[in-house]
Amino acid sequence: MDIERRNNVTVTGNPQGRAVVLAHGFGCDQNMWRLTVPALAEDYRVVLFDYVGAGRSDLSAFSESRYASLDGYARDVVEVCEALDLRDAVFVGHSVSAMIGVLAAGTAPERIGALVMIAPSPRYIDDPGYRGGFSAEDIDELLESLESNYLGWSAAMAPVIMGNADRPELGEELTNSFCATDPDMARVFARTTFLSDSRDDLKAVTVPTLILECTQDVIAPREVGAFVHQMIAGSKLVTLDATGHCPHLSAPEATNGAITDFLARLR
């Protein structure tokens, strides 16, 4: 299989630089990084891709059994790294991709040498002693709504997820991105995302890790950022001057500054 075609891989930036892999979240595609790429391109080899079912990926490669767990997406990441022969790459994952990066780094430590986690959440459902931000009933309702009317759900939820109600064009962009994702494949990815529990996987992370959170985020509240930071030894937690769940779109300067500062310290 042509992995680069399957995941619509794009490579840009400095061919001599350290590889930085940018991984989008649920309902998004690589276009969501367009405000980040210019901040990295001069010094780093920037790798972008679409998960199967998103963007311009090869939809024929979709397998419900493979993508019914985050491990399937992590395998895709590792295969992209292998296809490009990336070594010691920095994996930048937004939302659920932050956990996919954790799994990929554990599977192929020679390929991924550092992690940047933007608005991560290892578990969305509350548990005794853990606040994920949602009750089990909340998630059941969310998935039921998504599965019965994906386009309607997207139009209602995307602006909430984006936040920044005073800038409706941001919510509109996320809505359009959600609506461009294949609905059947989005349903699988949503179930995989919102029912996942990757808390134990955090303990195994040994690479340098930056965690970026926002001051207000309905999907990943501040307690989650603190939990991830506590679980990953030696990690750095930065609270961005930003709101919503997509700071790389709503506050690109603050987000890019935190990422490039972290990357500079890795050298």
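Leaving aside neighbours within four places in sequence, which residues is Leu174 in contact with?

**View 1. Surroundings of Leu174 in the predicted model.** Once its neighbours within four places in sequence are set aside, Leu174 is in contact with Cys28, Met32, Ala158, Ile161, Met162 and Cys246. Leu174 is listed, together with Phe26, Tyr51, Val77 and Met117, among the residues with the most contacts inside the largest nonpolar core, which has 69 residues. Helix H4 (residues 96-107) supplies the largest share of this core, namely eight residues. Another core, of 24 residues, lies apart from it and includes Trp33, Leu40, Ala258 and Leu263.

**View 2. Contact of helix H5 with helix H6.** The axes of H5 (residues 136-148) and H6 (residues 150-162) come within 5 Å and cross at roughly 125°, which makes H5 oblique to H6. Leu142, Ser145, Leu146 and Ser148 in H5 meet Tyr150, Trp153 and Met157 in H6, and by class this contact has five nonpolar, two polar and no charged residues.

**View 3. Aromatic pairs, of which the whole structure has 14.** Phe26 and Phe189 form an edge-to-face pair, with 5.7 Å centre to centre and 65° between the planes. This pair links distant parts of the chain, 163 residues apart, with Phe26 in the loop between strand E2 (19-23) and helix H2 (37-40) and Phe189 in helix H8 (residues 183-194). Both Phe26 and Phe189 are buried. The ring centres of Phe62 and Tyr67 are 5.5 Å apart and their planes lie at 25°, so this pair is stacked; Tyr67 counts as buried at 0% relative accessibility. Phe26, Phe189, Phe62 and Tyr67 are among the members of one aromatic cluster, which also includes Tyr150 and Trp153.

Key. Residues are numbered from 1 along each chain as its sequence is written. This is a predicted model: local features need pLDDT of at least 70, side-chain atom pairs count only at pLDDT 80 or more; totals for chains, interfaces and linings use all residues. Side-chain values use heavy atoms; hydrogens and water are left out. Axes are lines fitted to C-alpha atoms, for helices over the stretch in contact, and angles run from 0 to 180 degrees between N-to-C directions. Helices (H or I, at least four residues) and strands (E, at least two) are DSSP runs, numbered from the N terminus. Angles under 35 degrees count as roughly parallel, over 145 as roughly antiparallel, 65 to 115 as roughly perpendicular and the rest as oblique. Contact means heavy atoms within 4.5 Å. Ala, Val, Leu, Ile, Met, Phe, Trp, Tyr, Cys and Pro count as nonpolar, Asp, Glu, Lys and Arg as charged, and the others, Gly among them, as polar. A nonpolar core is a set of buried Ala, Val, Leu, Ile, Met, Phe, Trp, Tyr and Cys residues joined through side-chain atoms within 4.5 Å. Buried means under 20% relative accessible area, exposed over 50%, partly exposed in between (1.4 Å probe, protein chains only). Rings of Phe, Tyr and Trp (its six-membered ring) pair if their centres lie within 6.5 Å; planes under 30 degrees apart count as stacked, over 60 as edge-to-face and the rest as tilted.
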